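I am opening a notebook on this structure. My entries follow what I looked up, topic by topic.

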Amino acid sequence: MGEGFGVMAGVWIAGGVSGAHLNPALSFALACTGKLQWRKLPVYWIAQYLGAFAAAACVFAVYLEAIFYRTGGQFVMTDEDPGFAAIFAPYPSAYLSMTGAIVDSIVGSALLLICASAIVDQRNCKVPVSLVAFYMGFAVMGLGISFSMNCGVPINPARDLSPRLFTYLVGWGQQVFSYNNWMWFWIPLVIPHFGAVLGAFIYIVFVDAHWPA
């Protein structure tokens with residue numbers, strides 16, 4: 001629920017300025033479908049990754065005393081339990097295979113883009129601009145409630161890489177990347193882009209392309 005309301009707040013704050021994509025995979029999908037100029041994509045990506053890094057730093061500052069109290073300053077994790085590092089970036093459940101994680105990320109990202117495309121499509125249900133943030137937030141909340149169990153809904157590369165890099169720098173070290181024999185960290189960074197493009201084109205093929213002129 002917190003993540004959903006966070007997205008809602010982000011869209012309220014920046015929606016009128018930049019569209020408040022907040023997600024590199026979503027921006028990439030919009031560029032692939034001609035709804036975002038390619039020359040703007042690097043700027044969006046830089047802002048998204050820097051913003052996620054700053055957010056991770058804020059979370060760490062707020063919960064610093066709690067983390068030290070519970071860990072004694074020993075930032076450790078195992079392949080069975082990522083510990084407090086999981087506050088910042090998603091990690092897979094012990095039972096999840098690499099294939100299962102890829103499928104999870106593709107499905108979640110595709111559903112996100114299908115929902116986002118429908119929400120902003122003024123030929124569909126005509127969602128008022130003032131309510132776009134509300135519906136976007138609830139779409140993300142729904143995905144979080146429904147798909148968190150496997151690996152924490154890896155649908156946003158910025159939400160993964162930037163906090164993972166932050167935890168690497170503040171004490172968790174290489175293990176945040178080497179978790180699960182180096183077979184996990186690249187999935188939430190790369191795969192959401194494929195899922196997002198798939199979802200965007202699913203909406204175009206089955207809905208957007210069929211509106212009367």
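**Entry 1: cysteines**

I started with C125 and found that its sulfur is 12 Å from the closest cysteine sulfur, in C115, which is too far for a bond. The model is a predicted one. I then turned to C151, which is in no disulfide either. For C151 the nearest cysteine sulfur is that of C115, 18 Å away. C151 is buried, with 1% relative accessibility. How many disulfides does the count come to? I get 0 disulfides. I remind myself that a disulfide is a covalent bond between the sulfur atoms of two cysteines.

I looked up L96 and found it in the loop between α3 (41–71) and α4 (98–120). Is L96 buried or exposed? L96 is buried, and its relative accessible area is 13%. Leaving out residues up to four places away in sequence, I list A101, N150 and C151 as its contacts.

**Entry 2: S27**

I placed S27 in helix α2, residues 24–32. S27 is buried, at 0% relative accessibility. Which residues does S27 touch, not counting those up to four places away in sequence? I noted H21, L36, L41, Y44, W45 and Q48.

**Entry 3: the record**

I checked UniProt, where an unreviewed entry lists "transmembrane region" for residues 6–31, 43–64, 94–120, 132–155 and 183–206. I compared two of these spans with the model. Residues 6–31 are 81% helix and 0% strand, with end C-alpha atoms 24 Å apart. Residues 94–120 are 85% helix and 0% strand, and their end C-alpha atoms lie 37 Å apart.

**Entry 4: backbone angles**

I looked for positive phi values. Most residues other than glycine have a negative phi. L22 is not a glycine, yet its phi is positive, about 65°. I find L22 in the loop between α1 (2–18) and α2. L22 is partly exposed, with a relative accessible area of 36%. N181 also has a positive phi, near 55°, and is a residue other than glycine. N181 sits in the loop between α7 (175–178) and α8 (187–206). N181 counts as exposed, at 59% relative accessibility.

**Entry 5: aromatic rings**

I counted 17 aromatic pairs. One of them is F5 with F138, an edge-to-face pair. Their centres are 6.3 Å apart, with 70° between the planes. F5 lies in helix α1 and F138 in helix α5 (residues 129–151), so this pair ties together parts 133 residues apart in sequence. F5 is partly exposed at 42% relative accessible area, and F138 is partly exposed at 38%. W182 and F185 also form an edge-to-face pair, 6.1 Å centre to centre and 80° between the planes. Both partners are partly exposed: W182 has 42% relative accessible area, and F185 has 24%. I also noted a cluster in which ring pairs link F53, F60, F68, F75, F88, F166 and W172.

**Entry 6: charges**

Side chains of opposite charge can pair when their charged atoms come close. How many salt bridges does the count come to? I get 4 salt bridges. One joins R159 and E3, the closest N and O atoms being 3.3 Å apart. R159 is in helix α6 (residues 157–172) and E3 in helix α1, 156 residues apart. R159 is partly exposed at 29%, and E3 is partly exposed at 36%.

R123 forms a salt bridge with D208, with closest N and O atoms 2.3 Å apart. R123 lies in the loop between α4 and α5 and D208 in the segment after α8, so the pair ties together parts 85 residues apart in sequence. R123 is partly exposed, at 42%, whereas D208 is buried, at 18%. I found D121 linked with R123 and D208 in a network of salt bridges.

R164 and D160 both lie in helix α6, 4 residues apart, about one turn of the helix. Both are buried. R164 also lies over the face of Y91, 4.7 Å from the ring centre.

Definitions and conventions. Residues numbered from 1 in each chain as written. Heavy atoms only, no water. Helix = DSSP H or I, 4+ residues; strand = E, 2+ residues; numbered from the N terminus. Buried < 20%, exposed > 50% of the residue type's maximum accessible area, 1.4 Å probe, protein only. Contact = heavy atoms within 4.5 Å. UniProt positions renumbered as here; feature names shortened; annotations may be inferred. Disulfide = S-S within 2.5 Å. Phe/Tyr/Trp six-rings, centres within 6.5 Å; stacked < 30°, edge-to-face > 60°. Lys NZ or Arg CZ within 6 Å of the ring centre and 35° of its normal. Salt bridge = Lys/Arg side-chain N within 4 Å of Asp/Glu carboxyl O.
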